[in-house]
Amino acid sequence: MAKVGKRLKEIREGVERMKLYPADEAIRLVKERAKAKFDETVEVAMNLGVDPRHADQMVRGVVSLPNGTGRTVRVAVFARGEKADEAQKAGADVVGAEDLVEQVQNGQINFDRVIATPDMMPLVGRLGKILGPRGMMPNPKVGTVTMDVSKAVKDAKGGSVEFRVEKAGIIHAGIGKASFSEEALIENLRAFTDAVNRAKPTGAKGSYLKRVTVASTQGTGVKVDLGSLSAS
């Protein structure tokens, strides 16, 4: 068995692995244990009762967190003409068409989120093998294929979070920074949970939201009592 280091031992101290903690207590424990020299991201992992190999059990969506994410999101927009100008005015970091396709194909991916106008999708489609595995492919279901590029850019910059269930039925997402107040993190956690619940697919049977765990980047996981995640 691998030896547990002193730092990790201290972080785990006081957290019972199998106990379900109320949301406010779970967040407090996570914040108290975020001792890294940088502002750690507070992350949530949700185990869902779905099998995403089936199309009718795929869970995907987007949510605007009430208190933002605390991270700087670099946004690229595929657009031409007036829509390109609109994207730039809204604060997009990179805007282009064929030139942007060429940049991506050459490995210049200096952004975190991709937005495209519908007419640009045949062009963006060429980048599926590059953007797809990174979770960056624009999709109308999450509002990243749209004519309202201004709103999409502002949402991305202002704290919108995309989520998509992984093969094992798990969703991971950052819901803020350890420097956020407990209240802000709890609000974000509940907003994210509500969004995942609303995205419940028609093919989901039995228990849908099975387990929720929160942790900081270098911290230990704390299991959350599902009943405490309902908005009060």
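This is a predicted model: local features need pLDDT of at least 70, side-chain atom pairs count only at pLDDT 80 or more; totals for chains, interfaces and linings use all residues.

Colleague: Which geometry do the rings of phenylalanine 163 and phenylalanine 192 have?

Modeller: A pair of aromatic rings is described by the distance of the centres and the angle of the planes. For phenylalanine 163 and phenylalanine 192, the centres are 5.4 Å apart and the planes stand at 70°. Planes over 60 degrees apart count as edge-to-face. The pair is therefore edge-to-face.

Colleague: How many residues apart are phenylalanine 163 and phenylalanine 192, and where do they lie?

Modeller: Phenylalanine 163 belongs to strand 6 (residues 160-164), and phenylalanine 192 to helix 8 (residues 182-198). Both phenylalanine 163 and phenylalanine 192 are buried. Their pair links distant parts of the chain, the separation being 29 residues.

Colleague: Which term describes the orientation of helix 2 to helix 8?

Modeller: The axes of helix 2 (residues 23-32) and helix 8 come within 10 Å and cross at roughly 120°. This angle makes helix 2, relative to helix 8, oblique.

Colleague: Which residues of helix 8 meet helix 2, and how does the contact divide by residue type?

Modeller: From helix 2 come Ala23, Asp24, Ile27, Arg28 and Lys31, and these meet Glu182, Leu185, Ile186 and Leu189 in helix 8. The residues of this contact divide into 5 nonpolar, no polar and 4 charged.

Colleague: Is the crossing of helix 3 and helix 7 left-handed or right-handed?

Modeller: Helix 3 (residues 81-90) and helix 7 (residues 149-158) pack with their axes 8 Å apart, at an angle of about 30°. Angles under 35 degrees count as roughly parallel, so helix 3 is roughly parallel to helix 7. The crossing of helix 3 and helix 7 is right-handed.

Colleague: Which residues make the contact of helix 3 with helix 7, and how many of them are nonpolar, polar and charged?

Modeller: Helix 3 contributes Lys83, Glu86, Ala87 and Ala90, while helix 7 contributes Val149, Ser150, Val153 and Lys154. By type, the residues of this contact are 4 nonpolar, 1 polar and 3 charged.

Colleague: Is serine 216 buried or exposed?

Modeller: Serine 216 is found in strand 8 (residues 209-216). Leaving out residues up to four places away in sequence, serine 216 touches Val30, Arg33, Ala34, Glu40, Thr41 and Val42. Buried means under 20% relative accessible area. With a relative accessible area of 3%, serine 216 is therefore buried.

Colleague: How far apart in space are glycine 61 and valine 142?

Modeller: Glycine 61 has its place in strand 2 (residues 60-64), and its relative accessible area of 8% makes it buried. Apart from neighbours within four places in sequence, glycine 61 is in contact with Val142, Val161, Glu162 and Phe163. Glycine 61 and valine 142 are 81 residues apart in sequence, and their C-alpha to C-alpha distance is 5.3 Å.

Colleague: Finally, is lysine 35 buried or exposed?

Modeller: Lysine 35 lies in the loop between helix 2 and strand 1 (41-48). From lysine 35 to asparagine 197 there are 162 residues in sequence and 32 Å in space, C-alpha to C-alpha. A relative accessible area over 50% counts as exposed. At 62% relative accessibility, lysine 35 is therefore exposed.

Notes: Residues are numbered from 1 along each chain as its sequence is written. Side-chain values use heavy atoms; hydrogens and water are left out. Rings of Phe, Tyr and Trp (its six-membered ring) pair if their centres lie within 6.5 Å; planes under 30 degrees apart count as stacked, over 60 as edge-to-face and the rest as tilted. Helices (H or I, at least four residues) and strands (E, at least two) are DSSP runs, numbered from the N terminus. Buried means under 20% relative accessible area, exposed over 50%, partly exposed in between (1.4 Å probe, protein chains only). Axes are lines fitted to C-alpha atoms, for helices over the stretch in contact, and angles run from 0 to 180 degrees between N-to-C directions. Angles under 35 degrees count as roughly parallel, over 145 as roughly antiparallel, 65 to 115 as roughly perpendicular and the rest as oblique. Contact means heavy atoms within 4.5 Å. Ala, Val, Leu, Ile, Met, Phe, Trp, Tyr, Cys and Pro count as nonpolar, Asp, Glu, Lys and Arg as charged, and the others, Gly among them, as polar. A crossing is left-handed if the near helix is turned anticlockwise from the far one by less than a right angle, and right-handed if clockwise.
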